[in-house]
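Let's take a friendly walk through a protein model. Have the sequence and the 3D view ready, and look up each part as it comes along.

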Amino acid sequence: MSELLLELSGVHTHIGQYHILQGVDLAVPKGGLTVLLGRNGAGKTTTLRTIMGLWQASAGSVRFEGRDIAAVKTPDIAQAGIAYVPESMAIFSDLTVRENLYLAARQGEMDEKRLDWIFGFFPALKKFWNYPAGNLSGGQKQMVAIARAIVEPRKLILIDEPTKGLAPAIIQGMIAAFKELKATDTTILLVEQNFNFVRSLGDTVAVMDDGRVVHAGTMAELSEDRDLQQKLLGLSMDAHQ
Amino acid sequence: MLKSILSGDFPRSRILSIMLVLTFIGLAVAPFMLSGARPLNTAATICIFIVLVASYDLLLGYTGIVSFAHTMFYGIGAYGVGLALDAMGPSWWAVFTGLASALALALVLALMIGLFSLRVRAIFYAMITLAVASAFAILASQLSDFTGGEDGKTFKVPEILSPGFKLIEAEIFGRSIDGKLLTYYLVFTACLLLFLFMLRVVNSPFGRVLQAIRENDFRAEALGYRTVVYRTLANCLAALIAALAGALMALWLRYVGPKTFLSFEVMTDILLIVVIGGMGTLYGAVVGAALFIFAQNYLQSLMAEASEALAGVPILAQAVHPDRWMLWLGILFVLSVYFFPTGIVGKLRNRK
């Protein structure tokens, strides 16, 4: 088994009176793409937000590179090398594309080579470089959000449903982008409901239900086992062909 | 050159550019174009309110902080200089001592308010600032031996700034070069530099982080920015600039008093100007302050003339009677907010 970059053990998270995460155990191996699957309301987004410190875990541990970050503040978690791409095209709409990316470049300047690499799979960003990000289309906004997370090398990128509401053509571009990212040995934890989108990308997979991880294994194993898909996700691969 | 001066933040509207250029020229040549104390007083007030409102826009428009303590910082600057000049006599040493003390007090208070209350929800922060500002205004009124109470204090300014001082005997463009003129240009230059400084701040990486916080503080935190620190810094910066504006106003008026510097009326004026000019656009402070202060000073006179002209018309003559100038000012605000929901600058920039 490869070295773990992130490990959640018995994580509970309450939001107000609601007990959302009810003992999440999750292992994210270093250098791979782990997919977090599950139906709506299973606790996937809350898991990402708990890792990021946006919701405080009420119990359990979140270990990143062996250090428990469950009680660490969000900015310190980001400084430790974790980037977060929230769902719903989370960009700063009043700022330009350049300014959005600049915010994530904590050294105060952006590496030209890395920018060219990003423009390679998100060419629209170059075209709209000095445009207000709020004026872009949904797909372009999602590109800005992802580009912001990778404008500097990160140890771990948390991405929440990047294909939600996007056209198939844009999703294809997204797949190419994630393949590029994977090639750089970046560790990614990807929340997604579109199984067809992630089955060619994921190395490992965890399935959540009712605030717990109910299955963890390799993506190859889940892709091949239709009974398991039916049991865990209530779908068959055929339905997504 | 111009790009560097404006920190790359151009007006982005032809009409707005014309309005800004006209305002700049108007304020720059006001002492030579207008005779009498009132027009010059209006011009100086516009200069100072541009800075005061722009500094408030750093909070409200750029960082999304609603504060009611801005007049308190304005008052601290004014009282610092005024009381120092009153106690130490009319010298530059007194001005700098008063200013330094005022800035230090403003910084400490802004830091304390920021660190204690910027962690809480916006509405609680607004309430806390309102409470602190009210307490400070009451304190200024109650400590009458020290502050002059409700009447305030008049004081002498350094000789070069006093109206009786003449730099040269000869007149230039029909205007004597006296202390009042020098004070005006001190105010004008200081305000111009402070405004350009604020333009630099909002267009710096720091300014971008403030805008990101305004838009979504969770996202800004997820990028590694400590939002409380940035909000507190913005609060301190705005407080220091408001204190400087207050000091300039005190030098101009040679008077400090609670109604002029600490009243809630001044706070509502600032809020109205920010909204009318356009939040999150420093140029909005220029346009808003110029229109508002001008209306405040001249609407009554204009209405008096209109009332005279309409003397024979029964209802109209009464409607535009100068005593009703506040009513018409209110109607103008309502109309401007209705027709310019993003402020005048926002509307002009979004024109196709």
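## Before we start

This is a predicted model: local features need pLDDT of at least 70, side-chain atom pairs count only at pLDDT 80 or more, and totals for chains, interfaces and linings use all residues. Residues are numbered from 1 along each chain as its sequence is written, while chains are lettered from A and ligands numbered from 1 in the order in which they are written.

## A sheet in chain A

Chain A holds an open sheet of six strands in the order 6-7-8-3-9-10, with mixed pairing. Helices (H or I, at least four residues) and strands (E, at least two) are DSSP runs, numbered from the N terminus, and two strands pair if DSSP finds at least two bridges between them. Strand 6 and strand 10 (212-218) of chain A stand at the edges with a single partner strand each, so one side of each has no neighbour in the sheet.

Look at strand 6 (residues 82-85) of chain A: I82(A) and Y84(A) point one way, A83(A) and V85(A) point the other way, and all are buried. Buried means that 20 or more other C-beta atoms lie within 10 Å of a residue's own; exposed means 12 or fewer, partly exposed is in between, and C-beta atoms are placed from the backbone. In a regular strand the side chains alternate between the two faces of the sheet.

Strand 6 of chain A runs parallel to strand 7 (residues 156-160) of chain A, and four bridges join them. I82(A) stands opposite L156(A) in strand 7 of chain A. Strand 7 of chain A also pairs in the parallel sense with strand 8 (residues 187-191) of chain A, over five bridges. There, L158(A) has L189(A) as its bridge partner.

## The nonpolar core

Which residues have the most contacts inside the largest nonpolar core? They are L158(A), I48(B), I50(B), V53(B), A243(B) and A289(B), in a core of 176 residues. Helix 11 (residues 227-253) of chain B gives the most to this core, with 17 residues. A nonpolar core is a set of buried Ala, Val, Leu, Ile, Met, Phe, Trp, Tyr and Cys residues joined through C-beta atoms within 7 Å.

## Two helices in chain B

Helix 8 (residues 179-202) and helix 11 of chain B have axes that come within 10 Å and cross at roughly 170 degrees. Axes are lines fitted to C-alpha atoms, for helices over the stretch in contact, and angles run from 0 to 180 degrees between N-to-C directions. Helix 8 of chain B is therefore roughly antiparallel to helix 11 of chain B, a term for angles over 145 degrees. Residues are in contact if their C-beta atoms, placed from the backbone, lie within 7 Å. Among those making this contact are V187(B) of helix 8 and L244(B) of helix 11 of chain B.

## Where the chains meet

In chain A, 19 residues are in contact with 14 residues of chain B. Helix 2 (74-79) and helix 3 (97-104) of chain A each supply at least two residues of the side that touches chain B.

Most residues other than glycine have a negative phi, and most peptide bonds are trans. D185(A) is not a glycine, but has a positive phi of about 65 degrees. D185(A) is exposed, because 10 other C-beta atoms lie within 10 Å.

R254(B), also not a glycine, has a positive phi of about 55 degrees. R254(B) counts as partly exposed, with 18 C-beta neighbours inside 10 Å.

Conventions
Angles under 35 degrees count as roughly parallel, over 145 as roughly antiparallel, 65 to 115 as roughly perpendicular and the rest as oblique. Two residues are in contact if their C-beta atoms, placed from the backbone, lie within 7 Å.
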